[in-house]
Protein chains: 2
Amino acid sequence: MSLVVIGTVAFDAIETPFGKTEKIVGGAATYASLAASYFYDQTKIVAVVGDDFKKEDIDDFGKHGIDVEGLQIKKGEKSFFWSGKYHNDMNSRDTLITELNVLENFDPIIPESYQDCEYLMLGNLTPQVQQTVIKRMKKRPKLIVMDTMNFWMDIAMDDLLETIKMIDVLTINDAEARQLSGEYSLVKAAHKILKMGPKYLIIKKGEHGALLFNEDSIFSAPALPLADVFDPTGAGDTFAGGFIGYLAKVGSINFSNMKNAIIYGSALASFCVEKFGTEKLKNLSDKEVSDRVQEFVDLSSFTI
Amino acid sequence: MSLVVIGTVAFDAIETPFGKTEKIVGGAATYASLAASYFYDQTKIVAVVGDDFKKEDIDDFGKHGIDVEGLQIKKGEKSFFWSGKYHNDMNSRDTLITELNVLENFDPIIPESYQDCEYLMLGNLTPQVQQTVIKRMKKRPKLIVMDTMNFWMDIAMDDLLETIKMIDVLTINDAEARQLSGEYSLVKAAHKILKMGPKYLIIKKGEHGALLFNEDSIFSAPALPLADVFDPTGAGDTFAGGFIGYLAKVGSINFSNMKNAIIYGSALASFCVEKFGTEKLKNLSDKEVSDRVQEFVDLSSFTI
């Protein structure tokens with residue numbers, strides 16, 4: 001029994017109104033696996049890096065009990081690199097540099113020891129590669145969660161629709177839900193998207209929280225209002241990782257557990273944005289996490 | 001003991017992607033008093049119309065138990081008229097016509113029978129007139145709620161700041177909170193605005209719900225995800241009217257009751273947008289209202 005996370009493990013250079021970083025470790029699989037590791041101790045990653053990736057950086061996964069057997073290290077090649085600059089409102093950003101490097105020919109390898117995968121997190125990556133991972137699992141995982149973005153809707157919609165058919169939970173933001181469905185109303189968008197394959201749809205609305213849809217029900221989760229968002233990079237990946245990590249821990253998939261999983265994912269995402277990169281996410285205590293979850297309870301509860 | 005609502009009673013001509021109306025009855029005081037009347041039977045309005053306003057339209061207030069002694073009817077003058085066209089996303093609109101008419105020299109008269117006012121709703125209107133109403137109350141009401149908009153921040157900021165000092169609860173949208181405070185973060189904006197006078201601030205976020213702030217606490221209320229928004233006109237006024245009407249009914253002002261008041265106000269606002277103008281709002285049963293409130297409970301509850 002394990003939770004396998006596929007996605008990028010990469011270098012980011014980030015500029016926000018609060019400062020800028022050199023190359024730091026980032027990537028969807030990094031954020032998602034770190035987040036999942038707070039709830040589930042059998043988290044394993046599938047990803048690729050170049051030999052510019054330092055041993056200490058890889059050791060950081062081990063410190064969180066994350067299995068890196070599926071992390072390929074390509075000799076003589078460089079890791080995926082992304083550089084971006086956030087605008088003052090932190091809701092929009094410019095990509096300054098994208099160097100695909102090792103990602104250009106990424107052929108995901110699923111180690112034999114990963115074939116016990118019950119929970120599969122497909123972090124943001126080309127839909128083709130996401131699909132390959134599903135196909136390489138000898139037994140279909142109990143739950144497949146997929147994160148994606150508008151970029152793939154622009155350039156690989158057919159692949160994306162193929163992959164969406166094979167999954168259980170899709171996580172996208174509100175603009176992406178509108179783009180994917182061609183509907184402005186999120187309720188109508190959700191109805192259309194649920195007909196494309198997934199049984200559950202999570203629409204991430206950033207500072208406005210998230211919506212969970214299945215055929216019959218909707219759950220509206222709040223976001224924690226924050227005085228400062230220091231660096232939003234990886235918040236969506238952290239949310240998704242926390243979400244699936246919590247579900248792997250409780251081991252039972254139903255709407256009620258999904259609601260809680262969204263709260264736990266949102267709690268971790270709210271930590272993620274407090275510092276640059278994974279800095280905050282790497283060093284949380286269980287008490288910090290449970291206190292933050294309680295803040296979500298206090299924030300949204302009422303008794304009628 | 002009564003709830004006095006001041007604001008516009010007016011004609012609107014509305015165009016949305018779903019259709020358009022001739023001149024129909026609208027105005028902040030109309031929506032707010034109708035909403036309040038579902039919870040509280042001592043609702044009274046202060047407003048002004050011209051003699052183009054029909055007797056049937058005035059009778060509609062009476063049918064909801066709303067006292068119109070404070071509704072001035074100006075002979076030989078015309079009622080305030082607004083015409084607007086909503087864009088496809090329903091979140092933005094163009095004003096086509098604004099005819100101030102009777103509103104140009106509106107001097108609010110508070111009938112003696114209104115001096116038992118405990119709850120005062122200052123609907124969107126010039127801050128100067130809102131202030132006059134407060135001053136003409138012989139005894140300060142127990143709770144003063146004020147709604148306003150960016151227009152007054154643009155042209156009458158000093159008056160607005162003067163009036164805000166005198167109230168208990170301010171309701172504005174997120175863009176207006178940012179404009180009023182000069183802060184992008186809504187948490188920082190709220191801290192600044194609470195220092196301007198009000199003890200409570202409600203930030204309305206439309207389809208993303210609402211936030212209630214006081215010095216120590218924050219409450220995040222969901223919005224009901226709707227498949228169709230037919231006509232958003234008056235939703236904010238309806239929300240504010242439902243909010244203060246519910247508080248007048250329970251009669252005790254604390255954070256917990258305010259949270260419920262926001263849910264009740266949101267429930268009425270969710271009806272308001274389902275048809276043109278006040279059509280839906282005029283004909284709700286108690287069961288429809290309580291069922292809708294239950295939808296809000298189901299939408300946002302989770303158990304950790």
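Trainee: Why are α6(B) and α7(B) called oblique to each other?

Mentor: α6 (residues 174-181) and α7 (residues 186-194) of chain B pack at an angle of about 60°. Angles under 35 degrees count as roughly parallel, over 145 as roughly antiparallel, 65 to 115 as roughly perpendicular and the rest as oblique, so α6(B) and α7(B) are oblique to each other. Their axes are 9 Å apart. This is a predicted model, where local features need pLDDT of at least 70, side-chain atom pairs count only at pLDDT 80 or more, and totals for chains, interfaces and linings use all residues. Side-chain values use heavy atoms without hydrogens and water, residues are numbered from 1 along each chain as its sequence is written, and chains are lettered from A and ligands numbered from 1 in written order.

Trainee: What is the handedness of the crossing of α6(B) and α7(B)?

Mentor: α6(B) passes α7(B) in a left-handed crossing (the near helix is turned anticlockwise from the far one by less than a right angle).

Trainee: Which residues of α6(B) and α7(B) meet?

Mentor: On α6(B), B:Asp174, B:Ala177, B:Arg178, B:Leu180 and B:Ser181 meet B:Leu186, B:Ala189, B:Lys192 and B:Ile193 of α7(B), with contact meaning heavy atoms within 4.5 Å. By class, there are five nonpolar, one polar and three charged residues.

Trainee: What makes α6(A) oblique to α7(A)?

Mentor: In chain A, helices α6 (residues 174-181) and α7 (residues 186-194) pack at about 60°, with axes 9 Å apart. That angle makes α6(A) oblique to α7(A). The crossing of α6(A) and α7(A) is left-handed. Among the residues in contact are A:Asp174 and A:Arg178 of α6(A) and A:Lys192 of α7(A).

Definitions and conventions:
Axes fitted to C-alpha atoms, helices over the stretch in contact; angles between N-to-C directions. Helix = DSSP H or I, 4+ residues; strand = E, 2+ residues; numbered from the N terminus. Nonpolar A, V, L, I, M, F, W, Y, C, P; charged D, E, K, R; others polar.
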